[in-house]
Amino acid sequence: MQKCLLFFVLICSLTACKKEIDFDYNEVAPIVVIEGQVTNEGTDISITKSRSVADSVTRYSLPGAVVTVTGCGASEVIPYDPHTQRYHSAFKGTVGETYRLTVDFEDQHYEGTSTMPAAAPILSTEFLWFEVMGERMVVYEVWATDPLPTERNYYWWRMDRITHHPHFQDKPLTEPYRWSVFDNRGTPPGLLYRDVTCMSERVAEEDEEDNWKRILYEGDSITFRLMSIDRSVYEFLTSLRSGQSGGANPYTNLTGGCLGYFTASSVTRSDTIVFRYSDIKPESTFTSWRTVQ
Amino acid sequence: MTKRLLLPLVFLHMLWNADVCAQTEDTDPVLTDSLQEVTITSHSVQKRVEDVQIGVEKIEVSTLAKMPSLLGEKDILKSIQLLPGIKSENEASGGYQVRGGKSSQNLILLDGATIYNAGHLMGLFSTFNDDALMSASLYKGLLPAQLGGGTASVLELGTRSGNLSNYHYGLTVGLLSAKAVVEGPIQKGRSSFLVAGRRSYLDLFLKATKKYRDNTLYFYDINTRLNFRLSDRDLLSLSLFRGHDNTKLEDVLGMEWGNTKATASWLHTFSDRHDANTHLIYSDFNSDTGIDMLNTYYTLRGYIRHATLHHQQTLSTGHHQLCYGLESTYLRLMSGEWNINLLHQRERRQAWTNALWLNDNWQLNKHWQLSAGLRLRTFSALGGSPYYLLNGRGDIVETINPRGIIKTYADLEPRVSLKWTITPQHILKAGYSRTSQDIHAISGMSMSLPFDRYTMTSNIVKPEQADQVSLGWFGITKGGAYDWSIEGYYKNIRNVYDYRDGKTFYSEIEIERLLLGGKGRAYGLEFCFHKNKGPITGWVSYTLAWSENKVEGISGGRWYTASNDRRHDLAIVGMWQLSPSWDISAVWHYNTGQALTAPSAKYDIDGITFYYYNERNGYRAPANHRLDLSANYTKKGRRTTRIWSFGIYNAYNRKNPFTIRFKNDDKSPTGTIAEQTSLFGIIPSVSFTLKH
């Protein structure tokens, strides 16, 4: 019997394959990309331009724009900070208020609005083992408070790691380790949670270069950021994710023909924890939504 | 490369030069008449050419057994993709696209019952067991008035009747599945039965391993048909079908889907010129998927259920053959019932559809024949569950939940097909059809899946409607050794629905909030050349086609190339009866690569690189082509026949594109990697069949 299975698996593994192919891209002129965030921590705006498909250099925010944030009875021009190479101000948002971002850049006018939802304080974070098909997976579990359980709320989370592993000595990581969006449908009243499947034990042991960005290494510092966002930003991020495989550009809440988004959001952050295999808890200790409702 | 091109040319040469050898099959004319169809024989070649209806393909089930197939699984849905105007969604899918339509615009009828997602293993193999099939006809959007419900095509399949005189059985064991068929008389000469079943056994191998024993992976299908000759004028038949797939990854992930249908048919013959056919039909398609992993608990269930009464009479008078009837269907459709952890939501609706039709097949004179008809269809969305009024963003403005009828759509659908017999060897045909469809599949991908969400026409969603015109020249040599056809078509389609930007199938339970409507058009030319007689038979088909869509918010609201647009499609099919024991066959299939959307720039959001897309479907994937071969060795004994079937799928190991993914790689000099995934290289197969 096992020989038959091996034969079938052999057929499948021999036949399916991946290869890199040549592609002739039809390039377009650079498009303005705006990332605007007004949060309880301050205001941060980035203005960049799209780059060639074949360009491997990440762009920094461009100076020269007039950036204004209006809301809660105030209006503030956000200055360009040459050190961080972003438009930054200590202007903080207030929950429930609607803010307007206007950007005048290279004779074009862009603007968008967003309403700031309440913050979702993070209650706990921990690593767990989870076994499926004989393989142990590392899962990062987060619990938080849902500030308005009776309404549909939207969240954007980002998990970062700071690593000093030799693999990344010459290649500092700019992108998050994981990110996604979710809403509070179906969560126990007043609670939010996320299970982030990080990696399998086997992949970590094999340590192949293609998987380095997916592998957490002993001693990595892990942080988790949870942002309460409004629906328009949630739809931007959802369409940004789903459109990448489907060949569609995201919906944006900014006018003027640019790419990007403007969000007024409440940010909460977890304590930093250091990833150690010895600290990963067994599956039996995890807190189920079924037991806390 | 030269060898690859030579192979199809060699087959073309063999087709042209082979000798004559007729093929016949034993059938029961009375019983097969219940489906107004006969098994295709050499005589049917003349019938195919002379049929007044344009845009119809008759599929010979006996030919199917000889054709090469993936892992030796004979597959009617893969075979029809070798006919002109019909294309596969992709290599792994049994979903097919007809004249620029999507696979969800095809109506598949098994004994009159609607079958959805007719594929096992996510569409890798069709759900139809060739042992149980008698006949198949595919209407490529141009329909007689008695058919309706699919805007791209209607595929009519009939279950075979059991033998009235003798008992027979057959058993086939292949690499993936085993199947068995038993048939014979219940009461000799008056009633018969047929039972055919198939089951995969990959799960048995899984059970034998320690690592995978807790996983489930199987499919099965079973066909049953009972025939009763009640009197010289009355024939009653009952047919049942169930196809089911079950895949479970331990207790973490589960996927089940399938179709169940039952048909009771009563054929009453008033006279040689007048008969009536009445069907009572029930069908149920359901899908159920779920994931339960730590704190992630999502399930999604859906179904489409039909209960139908169908009555039709055929009356022949002089030069007229009148066909008239009615159909009434009660529909229940659950677009989704899900659990998202604690949240349980469901959207379930019901509707009542009716159709009246009259079609006249009129032999005007020796040269001219006209088939003209009208179909009056109504669709009534029924209350008892919530309906909505939405604003431009898809938000609910008002919820209504009245009893009775919410909204009724009524349409008159004209159907015309005209034939001009210039000489017995040369025929011109022209046709026009309007068709409507009220069940809409909403798929987020370019291929159909069992877990696509479905919805019905409602106060918001309008019936999908297609108008098609076609013109063709059909020719046949004297004696019918060769025949050929050239057909051109133009099709317009309205109210095609897709997801709004930023919405996916689970964004809202109210599916209408996720949708945007658009329109499409398709046009093309189809060429087909058949060789029908001799030890070598087969055909060459070529399609030149265009397919375009227009949806507000995509490509600036301009017409853009549809994802199923394939400019060229060529199939060469050859079957060679080497000796009474050996037959071999080969299929070479080529088509232009799928239209795809590739990036035109990249940009960064929150430190992550994303792609910007400027042209929807503005690029082409590499072309697909492959050669499949098969050989059958048949040894006939006194009471039993043994058949060994050998096959090679993708004989020259072509790596055809299944997906093309663009990956940002800031380390590489190109900055972006275009990565092609191919599914199947060369795959050998063997199966053994025992027939009694």
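In the predicted model, chain B has a mean pLDDT of 87, and 92% of its residues reach 70 or more. Where pLDDT is low, predicted coordinates should not be read in detail. For the complex, the predictor gives an ipTM of 0.92 together with a pTM of 0.87.

The secondary structure of chain A consists of four helices and 18 strands. Its C-alpha trace spans about 70 × 55 × 35 Å along the principal axes. Chain A has 293 residues, of which 32% count as buried. Among the contacts in chain A with a separation of 6 or more, 68% are accounted for by residues 24 or more positions apart.

The contact between the chains takes 62 residues from chain A and 56 residues from chain B. On the side of chain B that touches chain A, the elements giving two or more residues are helix H6 (202–207), strand E35 (601–605), strand E36 (608–612) and E41 of chain B. The largest share of that side comes from E41(B), with seven residues. By class, the side of chain B that touches chain A comprises 27 nonpolar, 18 polar and eleven charged residues.

Strand E41(B) also takes part in a sheet built from both chains. This open sheet of three strands has the order E1(A)-E41(B)-E40(B), and its pairing is antiparallel. Strand E1 (17–21) of chain A and strand E40 (659–664) of chain B stand at the edges with a single partner strand each, so one side of each is left without a neighbour in the sheet. On average, neighbouring strands of this sheet are turned by 30 degrees against each other, direction ignored. E1(A) and strand E41 (residues 672–678) of chain B run antiparallel and are joined by five bridges. Within this pairing, A:Glu20 has B:Glu675 in E41(B) as its bridge partner, and A:Ile21 stands opposite B:Ala674 in E41(B).

A further open sheet, in chain B, has five strands in the order E1-E8-E9-E4-E5, with mixed pairing. Its edge strands are strand E1 (56–59) and strand E5 (113–115) of chain B, each of which pairs on one side only. Direction ignored, neighbouring strands of this sheet are turned by 25 degrees against each other on average. Strand E4 (residues 106–110) of chain B pairs with E5(B) in the antiparallel sense over three bridges; B:Leu110 has B:Ala113 in E5(B) as its bridge partner.

In soluble globular proteins, nonpolar side chains tend to be buried together. The largest nonpolar core in the model has 63 residues, and those with the most contacts inside it are B:Ile80, B:Leu109, B:Leu133 and B:Ala136. Strand E8 (residues 133–139) of chain B contributes the largest share of this core, five residues. Not counting residues up to four places away in sequence, B:Leu109 touches B:Thr114, B:Val154, B:Leu155, B:Glu156 and B:Leu157. Another core, of 62 residues, lies apart from the largest one and includes residues of both chains, among them A:Val33, A:Val103, A:Phe262 and B:Ala674.

Definitions and conventions. Residues numbered from 1 in each chain as written. Chains lettered and ligands numbered in written order. Predicted model: local features only at pLDDT ≥ 70, side-chain atom pairs only at ≥ 80, totals over all residues. Pairing = 2+ DSSP bridges. Axes fitted to C-alpha atoms, helices over the stretch in contact; angles between N-to-C directions. pLDDT = per-residue confidence, 0-100. Contact = placed C-beta atoms within 7 Å. Nonpolar A, V, L, I, M, F, W, Y, C, P; charged D, E, K, R; others polar. Core = buried A, V, L, I, M, F, W, Y, C linked by C-beta atoms within 7 Å. Buried ≥ 20, exposed ≤ 12 C-beta atoms within 10 Å, placed from the backbone.
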